[in-house]
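This report describes a protein structure, with attention to its charged pairs, its helices and the confidence of the prediction. The sequence and the structure are shown first.

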Amino acid sequence: MASRPSSHQLLVLAVALALVAGLFLLPKGIVKPKEGKAELSKDAARTANRDNGAAAPSTASVDGAAPTGATPEQPHMAIAPEQRREIGALLAKYTAEPDPAAKLRLASDLAGKYRAVEKFDSAGYYFEQIAVARPGEQAWQRAADAYYEAFSFATTEERAKLLGAKTKELYERVLKNNPDNLKAKTNLGMALMAGDNPVAGVTLLREVLAADPKNEEALYNLGVLSLRSNQNDKAVERFRELTLVNPENANGQFYLGVSLALTGAKEDARKAFTKAKSLSTDPGFTASVDEQLQKLN
C-alpha cells in the first residue's frame, strides 16, 4: 500500500528529526525521565487537552485534583464547537457514572472521540482505563498505540520524554502478553530513543528485522535513526531497502532523497525526490519535495 503523507506529517517528522538528533548529543543523565508513574498519570490527564478548552478530561474527573500549572500544546486539529459539546457531555457523564461497566463504555466513546480530533494522549488515557479494567494484548495495544501517536507529535524534549516513558510502559505490557508482537516491538524501540537507553531501541528494531526482513516500519525507523546520528551512508542503505520492499512508500522515497543528497549523490537524490512527488497529491508534501529539489540545483 502506498504511503500518503500529509503536510502536517512531514512537519512532525522534521520536528522529530531535529528533536531526537538533540537527544543523541546529550549525556544520558540529562535525557532520563524524572517523572514517576503517579506523576505521569496525572500529567497525562492534565495535558490531555492541548487547546485548553472544555473538551479536556479535567483532573477533577480522573484524580480528584484541579489542574495546576498545565501548559497545553497547540492542538493538531481544531475542534469544532459541535465536537467540543459532544466530548464535554461525554466527560460529564463519565465523571458522574457510578456503574463500572457503563463507565467503561463511556471511556471507549471518549477515546474514539479524542482520536477523531487527534488528541492522542487523551485517547490513550481512556484506552488505558479500559485496559486496566479488562487487560489483554489488544486492550493494552490500543492504549499504547494512542500514546505512541501522541509521542510522535511531541515538539519538545520534555514532552517526548514524558510520552515516551508512558508509551514504553504500555508496550511492555503488550509484549508481556505476546513477545512476538512486531508492531509493539517497533514502536517500543522508537520510544526508547527518547529515554536514557537509545541502544536498546536500536536493538529492538534489529530484532524486528531479523524476524521480518521486509518490515517497512522497522526499515523506515532505522533509516531515520541513521539520519539522526549522521550515519548518512547507513540511512541510504535502509531507505533503499525500504523502497525495494515498497516502491510506493512516499516517505521512504523522500528520505532516500534526503540521505542521498547528504552523501553528495545529487542525481540519485533527484530521482528519489521526483518519485516521492509522484506518489502524493498533498500540497504540503509536494512543496517539501520541491524545496529539496531546489537545494540540489
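## A buried charged pair

Asp121 has a relative accessible area of 1% and therefore counts as buried (under 20% relative accessible area; exposed is over 50% and partly exposed lies in between, with a 1.4 Å probe and protein chains only). Its partner in a salt bridge is Arg159, with the closest N and O atoms 2.4 Å apart. A salt bridge here is a side-chain nitrogen of Lys or Arg within 4 Å of a carboxyl oxygen of Asp or Glu. Asp121 belongs to helix α6 (residues 120-133) and Arg159 to helix α8 (residues 157-177), so the pair ties together parts that are 38 residues apart in sequence. Arg159 is also buried, at 8% relative accessible area.

Helices (H or I, at least four residues) and strands (E, at least two) are DSSP runs, numbered from the N terminus. The model is a predicted one, in which local features need pLDDT of at least 70 and side-chain atom pairs count only at pLDDT 80 or more, while totals for chains, interfaces and linings use all residues. Residues are numbered from 1 along each chain as its sequence is written, and side-chain values use heavy atoms, with hydrogens and water left out.

## Other salt bridges

The whole structure contains 13 salt bridges. Side chains of opposite charge can pair when their charged atoms come close. Glu207 is partly exposed at 36% relative accessible area, whereas Lys185 is buried at 16%.

Glu128, Lys166 and Glu169 are joined in a network of salt bridges.

## Arg238 in helix α12

Arg238 is located in helix α12 and is buried, with a relative accessible area of 11%. The side chain of Arg238 forms a salt bridge with that of Glu241 at 3.9 Å, N to O. Both residues lie in α12, 3 residues apart, which is about one turn of the helix. Glu241 is partly exposed, at 29% relative accessibility.

Leaving aside residues up to four places away in sequence, Arg238 is in contact (heavy atoms within 4.5 Å) with Arg206, Leu209, Leu219, Leu222, Gly223 and Ser226. Among these, Leu219, Leu222, Gly223 and Ser226 are buried residues of α11.

## Helix α11

Helix α11 covers residues 216-228, and its end C-alpha atoms are 18 Å apart, in agreement with the 18 Å that its 13 residues should span at 1.5 Å a residue. The expected span is 1.5 Å times one less than the number of residues. Because 11 of its 13 residues are buried, α11 is largely enclosed by the rest of the structure.

At the N-terminal end, Asn215 caps α11, with a side-chain oxygen 3.2 Å from the backbone nitrogen of Glu217. After the helix comes Asn230, which has a positive phi near 60°.

## Confidence of the prediction

The mean pLDDT (the predictor's confidence in each residue, from 0 to 100) is 79 for the protein, and 74% of its residues reach 70 or more.

The pLDDT is below 50 over residues 1-12, a stretch with 27 contacts in the model beyond near neighbours in sequence. Over residues 14-76 the pLDDT also stays under 50, and the model has 120 contacts for them beyond four places in sequence.

Notes:
Polar contact = N/O pair within 3.5 Å; in protein donor to acceptor, adjacent residues only side chain to side chain.
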